[in-house]
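Dear colleague,

I am handing over the structure that we spoke about, and below it you will find an account of what was found. Please keep the structure open while you read, so that you can look up each residue as it is named.

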Amino acid sequence: MIRIGLLGCGRIGEVHSRSLSRLPGARLTAVADAMPEAADRLASQFGAQARSAEAVIGADDVDAVIIGTPTTAHFDQIHAAAAAGKGIFCEKPIDLSSDRVRACIEAVEAADVPFMTAFNRRFDPHFATLERRLRAGAIGEIELVMITSRDPAPPPIGYIRTSGGLFRDMTIHDLDMARFLLDEEPVEIFATGACLVDPAIGEAGDIDTAAVTLRTASGRICQISNSRRASYGYDQRIEVHGATGMLSAANVAENLVEQAGPEGFTRAPSMHFFLERYEAAYAQEMAHFVDALVHGARPKPDAQDGLRAQLLADAAALSLAENRPVALER
Ligand SMILES: NC(=O)c1ccc[n+]([C@@H]2O[C@H](COP(=O)([O-])OP(=O)(O)OC[C@H]3O[C@@H](n4cnc5c(N)ncnc54)[C@H](O)[C@@H]3O)[C@@H](O)[C@H]2O)c1
């Protein structure tokens with residue numbers, strides 16, 4: 001039985017608690033939050049004890065911690081958990097600074113503890129099936145990858161101001177998917193962007209619309225299309241074009257009912273946002289983390305995957321700022 005401590009009882013902390021509650025090999029022992037009422041709520045909902053973050057990290061009855069606190073808190077909590085010899089499941093992004101991500105990796109490697117970066121989309125059943133078929137050679141050599149990733153509506157402007165920008169906050173998921181699907185590191189990135197959804201986002205120094213192109217050494221190309229707005233719901237699609245065929249994963253609709261009439265056909269909108277659309281992915285990623293701990297294996301995506309995606313996000317920001325393609329370190 002793997003005993004888990006949770007740091008951060010907000011939106012994502014609740015998702016992970018629910019996933020854990022369905023795993024027979026794991027138990028949520030203790031939870032912590034800067035707001036005691038948030039910790040008390042999850043503790044009573046999932047049969048855990050509410051403690052301070054320090055007490056959770058140092059506890060003898062905790063084998064691993066889930067870090068679901070705001071990104072600014074990850075660095076200190078990763079260092080403390082590594083020093084305490086705990087396995088670590090850390091929400092994305094690990095940190096907004098690549099240098100600080102490297103420092104986290106050093107601490108994790110020095111302590112030799114398992115570490116997983118929470119890129120949940122790799123575990124989405126649709127995208128995971130697509131990736132398995134790619135690896136099995138279903139469409140031959142990969143030539144083009146297209147990732148569409150558009151939120152239904154922008155987050156509050158206060159969130160935008162501390163988010164690290166669209167590339168580090170939102171595109172980072174797609175950059176990880178690009179690496180996952182291309183199966184080859186990108187060597188060049190070009191990003192362009194604009195503020196078309198809400199002028200307040202531009203005034204906060206960010207963009208809300210972006211197109212990112214990645215190229216690998218062998219010439220494979222990936223295009224990412226991002227927007228902070230999609231009037232028809234959360235838009236999450238993937239298409240991979242290969243030498244002998246094409247694989248695609250469409251949006252997941254709220255239901256499969258189609259209505260027909262003289263005006264044409266109507267279908268339900270896409271699932272509203274990430275909590276609904278990726279519910280199964282969150283459950284699968286937690287199952288993978290627990291399974292790795294049970295078998296003494298290293299979970300994946302790991303800290304290096306977290307760093308790689310972060311470096312791509314940094315390069316995208318540089319490309320946008322200087323309006324030029326940016327070469328990437330191998
Ligand atoms: N993988 C995904 O799809 C996904 C989705 C949402 C959020 N996230 C990531 O998860 C993290 C949390 O996001 P959220 O949306 O759940 O935020 P949230 O604000 O809903 O929850 C964060 C919680 O952490 C608590 N907290 C703040 N500082 C703390 C500290 N030092 N110690 C303990 N608790 C503390 C807050 O009181 C709050 O309850 C962020 O890094 C975010 O990028 C990932």
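To follow the first point, you need one definition: a residue is called buried if 20 or more other C-beta atoms lie within 10 Å of its own, with the C-beta atoms placed from the backbone. Please also bear in mind throughout that this is a predicted model.

With that cut-off in hand, turn to strand β4, where A64 and I66 point one way while V65 and I67 point the other way, and all of them are buried.

Strand β4 belongs to an open sheet of six strands, which are arranged in the order β3-β2-β1-β4-β5-β6 with parallel pairing. The edges of this sheet are β3 (49-50) and β6, each of which pairs on one side only. Helix α11 (residues 279-294) packs on the sheet, where it touches β1 (2-7), β2 (26-32), β4 (64-67), β5 and β6, and its direction makes about 135° with that of β1.

The pairings can be followed strand by strand. β4 is joined in parallel to β1 over four bridges, and here G5 stands opposite V65. Four bridges also join β4 to β5, again running parallel, and A64 stands opposite G87 in β5. Strand β5 (residues 87-90) in turn pairs with β6 in the parallel sense over three bridges, and the bridge partner of I88 in β6 is F115.

Of the 23 residues around the ligand, G8, G10, I12, A34 and E91 come nearest. By class, this shell has 12 nonpolar, seven polar and four charged residues. Helices α1 (11-21) and α4 (71-83) each supply at least two residues of the shell, and the largest share, three residues, comes from α1.

With best wishes

Terms used
Residues are numbered from 1 along each chain as its sequence is written. This is a predicted model: local features need pLDDT of at least 70, side-chain atom pairs count only at pLDDT 80 or more; totals for chains, interfaces and linings use all residues. A residue is near a molecule or strand if its C-beta atom, placed from the backbone, lies within 6 Å of it. Ala, Val, Leu, Ile, Met, Phe, Trp, Tyr, Cys and Pro count as nonpolar, Asp, Glu, Lys and Arg as charged, and the others, Gly among them, as polar. Two strands pair if DSSP finds at least two bridges between them. Two residues are in contact if their C-beta atoms, placed from the backbone, lie within 7 Å. Axes are lines fitted to C-alpha atoms, for helices over the stretch in contact, and angles run from 0 to 180 degrees between N-to-C directions. A residue is buried if 20 or more other C-beta atoms lie within 10 Å of its own, exposed if 12 or fewer, and partly exposed in between; C-beta atoms are placed from the backbone.
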